[in-house]
Amino acid sequence: MCKYPNKIPFFKLLLKSSSITRNPIPFHKDGFNKHGDSFAISPPFAKTVMLTRDADITKHLLRKNHRNYNKSKIQTKFLSKYVGKGLLTASGDYWLKQRRLIQPAFHKEKLQKLVAIMEGTIGKQIENIQENKVIDSYPIMNELAFHVVAKSLFDYSSDDDTMHRLQEIIEKLQDFIIREIRQPHKKWWYQISGLVKKHMLMVRESRTIINNVIDERRVSQKQHDDLLDMLLKAKYEDDGTSMTNEQLIDEILIFFVAGHETTANALTFAFHLIAKNPEVYQKVLTEIDAIDDGLPPMEKIAKLNYVKNCVEEAMRLYPPAWITDRVAIEDDSFADFNIEKGTMIGISFYELHRNEKYWKNPNDFIPERFSDENRKETAGYYFPFGAGPRMCIGNGFALYEMMLTVYAMLKKYQIETDQETVEIAPLITLKPINVTLKFTKRTT
């Protein structure tokens, strides 16, 4: 066995550093095309970094031998500075304890209580879309997704000034986190210029906003069927206690950060892909027009099979969580490689989802890949929410939200696009850039 896959000389990274900083996907694609489904980089005075788009290696890291791998410091220490020690950033025994506590809040029977809130919020959000004009669709989806999270978490409308300020802070923090990750050589400047201090003040403000909401809820006698109520009532198995305010704030911040931008991204790509594929669009319309609008939301969701296939295929082509990483706790062996302790391995879900080894016509939008009869063929190569014990806890919530949004939007509006390709920004999530649509009120 060899120690690592083919290595790219580090100086080649330096020559391309500016373009890689802006968008690493072309560099990844080139490396995979030249060296196979895994390749490595050996930085001077640092551990080897490996990148992969291999499904078997991915399952080994995230499922089979997940106990030997931690998330990198970028996720556990760096992000936690801004968004707290929630499920996304925690590790080890603390993460497991929190996961076991929170998981029941996202079981299907619990989500049934949230879908009515979800559906009402979506309906309100699509009322004021600018019609008969080509517009950037991402801001619409971003606003919609934030309202859904705010209403589902807190039973608050984000028209509320407090929620609007929280939205503003979270978006500014996300932008700054990207700058710090992508430009580590400017760390000194961010410190002396006061930018780090400015954003840490925003962190404190966001935590104060959420803390006030929690304090109000703790003394309230009113019943809320939202996530905050579920989290307040959750008890640890070992001692029967509940989360402290600080723990609740950490988890709620993660839900806001991870739960609204990823959904906004996926919806933007899904509507673009549906609009540019007339046969798919017609199948979607046939399905949604056959559904009685007066049905309860869970009954609608049960009938939206092709809509679900479209959403899943959109997330294959444009996975919001487009990359993740793991660091080996101890030496390991898999595939044809021996990996040393401390090796960081990046998993490109974006490239894995377009790997010709697993997908026929991988760059084409074919929702039928995810039909009941085809699903078994794709399950082992599809990771839109990750995999294993750290699979995204909100995957059911996100799918329901996206399916109901496609249903409501295309029930009300006809959508059109003349864009053949879209520009992407691979940041913490895979963001769409200026993906335009034209919305026209449906008359039939």
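Axes are lines fitted to C-alpha atoms, for helices over the stretch in contact, and the angles between N-to-C directions run from 0 to 180 degrees. This is a predicted model, in which local features need pLDDT of at least 70 and side-chain atom pairs count only at pLDDT 80 or more, while totals for chains, interfaces and linings use all residues. Residues are numbered from 1 along each chain as its sequence is written, and side-chain values use heavy atoms, with hydrogens and water left out.

**Two helices**
- The axes of helix α9 (residues 161-182) and helix α11 (residues 195-219) come within 10 Å and cross at roughly 145°, where helices are DSSP runs of H or I with at least four residues, numbered from the N terminus.
- The contact (heavy atoms within 4.5 Å) includes L166, I169 and F176 of α9 together with M202, I209 and V213 of α11.

**Single residues**
- Leaving aside neighbours within four places in sequence, F439 is in contact with residues including I129, I140, M409 and Y413.
- T263 lies in helix α13 and counts as buried because its relative accessibility is 3%, where buried means under 20% relative accessible area (1.4 Å probe, protein chains only).
- Not counting residues up to four places away in sequence, T263 touches A145, A398, E401 and M402.

Notes: Buried means under 20% relative accessible area, exposed over 50%, partly exposed in between (1.4 Å probe, protein chains only).
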